[in-house]
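Hi everyone, thanks for coming. Let me put the structure up on the screen, and then I'll walk you through it piece by piece.

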Amino acid sequence: MDRKGKDQLRQVAAARLSKSKAVIVAEYRGLTVEELTKLRVELRKASAEFKIVKNRIAKKAISIEQQQFEGLSKSFKGPVGVIYAYGDSAHATKTALNFEKDHANFKVTAGQLDGAAYTKAQLQVIADLPSKDVLLAQIIGRLVAPHRGILNVLNGVNLNLVRVINAIKDKKSA
């Protein structure tokens with residue numbers, strides 16, 4: 001490949017890095033085309049994509065245009081692919097790690113989310129967290145719970161007063 005072609009590939013890799021919210025590096029040695037296709041389909045559902053990039057081109061893209069991903073440069077050894085997550089980064093991480101559980105030849109090595117580099121163990125902790133929507137629902141539920149308790153207590157006083165008055169009325173009428 002000539003220099004212009006490599007430069008274009010570097011620019012494409014840098015553009016993907018700039019658009020992504022998270023980047024995960026994984027070894028794919030030994031996977032079949034069908035397994036890679038299955039991975040790509042699953043990642044597409046998580047607003048992410050898996051691309052095989054030459055190590056040298058990825059390192060050049062990081063060093064020249066996307067220095068914030070410098071922590072990942074050491075991960076580009078051997079046959080690796082890059083998962084670019086454009087949506088919820090935790091969901092893409094969870095998808096990649098679940099795929100790794102089912103396929104012994106696929107190994108997540110490192111990742112970077114929100115500007116910080118993470119090891120595989122740290123990515124596993126992030127993947128084990130509930131989704132963003134679930135966390136927001138839990139926070140809202142905890143914020144509303146005390147108000148509901150006060151409302152139930154206040155409504156309980158009114159209901160008890162009505163029941164006492166009805167009991168007195170029934171007693172006098174009997």
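Before we look at any sheet, one convention: two strands pair if DSSP finds at least two bridges between them. Helices (H or I, at least four residues) and strands (E, at least two) are themselves DSSP runs, numbered from the N terminus. With that in hand, E2 and E3 pair in the antiparallel sense, over five bridges.

A quick word on what you are seeing: this is a predicted model, so local features need pLDDT of at least 70 and side-chain atom pairs count only at pLDDT 80 or more, while totals for chains, interfaces and linings use all residues. Residues are numbered from 1 along each chain as its sequence is written, and side-chain values use heavy atoms, with hydrogens and water left out.

Let's stay with strand E3, residues 80-85. On its other pairing, E1 and E3 run antiparallel over six bridges. If you want pairs to find on the screen, Ala 22 has Ala 85 of E3 as its bridge partner, and Phe 50 stands opposite Ile 83 in E3.

Is E3 enclosed or open? Here I need a cut-off: buried means under 20% relative accessible area, exposed over 50%, and partly exposed in between, with a 1.4 Å probe and protein chains only. Six of the six residues of E3 are buried, so the strand is largely enclosed by the rest of the structure. In a regular strand the side chains alternate between the two faces of the sheet. In E3, Val 80, Val 82 and Tyr 84 point one way, with Gly 81, Ile 83 and Ala 85 pointing the other way.

That brings us to the cores. A nonpolar core is a set of buried Ala, Val, Leu, Ile, Met, Phe, Trp, Tyr and Cys residues joined through side-chain atoms within 4.5 Å. The largest one has 23 residues, and Phe 50, Ile 83, Phe 106 and Val 108 are those with the most contacts inside it. At least two residues each come from E1, H2, E2, E3, H4, E4 and H5. Which element gives the most to this core? The answer is H4, with five residues. Apart from this core lies another, of 17 residues, among them Val 25, Ala 58, Ala 61 and Phe 76.

Now to helix H4 itself. H4 covers residues 89-102, which makes 14 residues, and reaches 20 Å from its first C-alpha to its last. That is close to the 20 Å expected at 1.5 Å a residue, where the expected span is 1.5 Å times one less than the number of residues. Its buried residues include Ala 92, Ala 96, Leu 97 and Phe 99. Among the elements covering them are helix H2, strand E2 and helix H5.

By salt bridge I mean a side-chain nitrogen of Lys or Arg within 4 Å of a carboxyl oxygen of Asp or Glu. Glu 100 counts as buried because its relative accessibility is 12%, whereas Lys 120, at 35%, counts as partly exposed.

How many salt bridges does the structure hold? There are three. In another, the side chains of Glu 49 and Arg 16 meet at 3.3 Å, N to O. Here too distant parts of the chain are linked, Glu 49 being in strand E2 and Arg 16 in helix H1, 33 residues apart. Then there is Arg 10 with Asp 7, at 2.3 Å between the closest N and O atoms. Those two are three residues apart in helix H1, so about one helical turn separates them.

Two last stops. Gln 112 lies in strand E4 and counts as buried because its relative accessibility is 2%. Its side chain reaches the backbone oxygen of Gln 68 at 2.5 Å.

Finally, find Ser 47 in the loop between H2 and E2. Ser 47 has a positive phi of about 55° although it is not a glycine, and with a relative accessible area of 40% Ser 47 is partly exposed.

That's the tour, and I'm happy to go back to any part of it.

Conventions: Polar contact = N/O pair within 3.5 Å; in protein donor to acceptor, adjacent residues only side chain to side chain. Contact = heavy atoms within 4.5 Å.
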